Amino acid sequence: MNDFDKRWQTCAARARQAPARSESPPPGFAMRVLGRKPSAMEMALEALWERLAMRWLAGVAAVLVVCAALELPNLRAAPLLKPGIENTVTQLAWKL
Amino acid sequence: MAEAEFDLARCLASVLQHDEEAARTLVDRLYPQVIRIVRGHLPRRAAEQDLAQEIFAKLFSKLQDYRPQQSVPFENWVSRLAVRTCLDALRAEKRRPELRWGDLPEEQAAWLEFMLADDSAPPDSDAASARELLDRLLSQLKSEDRLVITLLDLDQKSVKEISQLTGWSIPLVKVRAFRARRKLRKVAQVFRERNVHERL
């Protein structure tokens with residue numbers, strides 16, 4: 001421990017002797033705290049919302065996975081239209 | 001309610017059943033413990049009653065998560081919640097107040113002279129002025145550094161207790177304490193140098 005640290009500890013030891021202030025709650029403190037406390041109904045609704053939200057999230061994730069699995073075989077790039085149809089469309093467009 | 005008659009488990013069960021009388025009893029019982037923590041780690045611009053109220057509001061909203069069988073005493077659980085709330089408040093403090101030698105009352109300036117001098121006896125001033133000076137110096141540190149020094153040197157908690165209160169590992173607490181003390185020394189030295197420049 002160097003000199004500054006020793007002197008810091010001396011000062012801290014003196015500071016610890018500072019007289020303790022009152023530790024009893026001021027009048028009405030508990031009432032103010034309970035006023036901020038969410039009511040039973042709010043807490044129940046919050047818990048319900050939280051539970052449902054998590055379930056919905058899980059459900060949506062499952063649907064997305066199923067969709068991806070179903071689409072997987074069709075991922076190869078397929079021609080948009082067959083050549084015969086393409087030709088017909090081109091001729092029609094040319095005449096117009 | 002007398003100390004011997006207080007049944008914590010029953011009180012907590014009643015609070016969870018939304019019994020207001022039990023909640024009031026719990027607030028009154030925990031207030032001294034919470035206010036001691038708040039006073040030790042209060043941001044300069046915050047009001048201690050507001051911070052204490054915030055801690056109790058968090059306590060009630062998280063009470064259903066407390067599991068007595070996890071071998072964490074309820075008082076320790078409350079202390080941890082209070083320390084973390086204070087740490088959040090300290091982090092939210094945007095600016096650290098500027099430290100000026102001229103703003104120090106004579107007794108506090110004497111303590112600072114003592115800390116920075118090579119050979120002088122501790123001043124014969126009261127404990128409150130020593131405490132105020134330490135608070136001023138600590139206010140110059142980052143929130144985590146301030147917290148670790150306050151817990152270690154002023155509250156005289158062990159490294160293990162600090163680890164439990166903050167959720168930091170024991171090596172992290174030691175490293176933070178070491179670095180915080182070094183920064184503290186630097187803050188005091190810079191403060192003295194600035195004072196010398198101001199006098200010139």
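Modeller: Happy to! In chain B of this predicted model, 60% of the contacts with a separation of 6 or more are between residues 24 or more positions apart; two residues are in contact if their C-beta atoms, placed from the backbone, lie within 7 Å. Local features here need pLDDT of at least 70, side-chain atom pairs count only at pLDDT 80 or more, and totals for chains, interfaces and linings use all residues. Residues are numbered from 1 along each chain as its sequence is written, while chains are lettered from A and ligands numbered from 1 in the order in which they are written.

Chain B has nine helices and zero strands (DSSP runs numbered from the N terminus: H or I with at least four residues for helices, E with at least two for strands). Of its 200 residues, 28% are buried, with 20 or more other C-beta atoms within 10 Å of their own.

Now to the partner. The contact draws 30 residues from chain B and 25 from chain A. On the chain A side, α1 and α2 (29-36) of chain A each give two or more residues, and α1(A) gives the most, with 11. That side divides into 14 nonpolar residues, three polar and eight charged. Here Ala, Val, Leu, Ile, Met, Phe, Trp, Tyr, Cys and Pro count as nonpolar, Asp, Glu, Lys and Arg as charged, and the others, Gly among them, as polar.

As for confidence, pLDDT is the predictor's own score for each residue, from 0 to 100. Chain A has a mean of 80.

Methods:
Buried ≥ 20, exposed ≤ 12 C-beta atoms within 10 Å, placed from the backbone.
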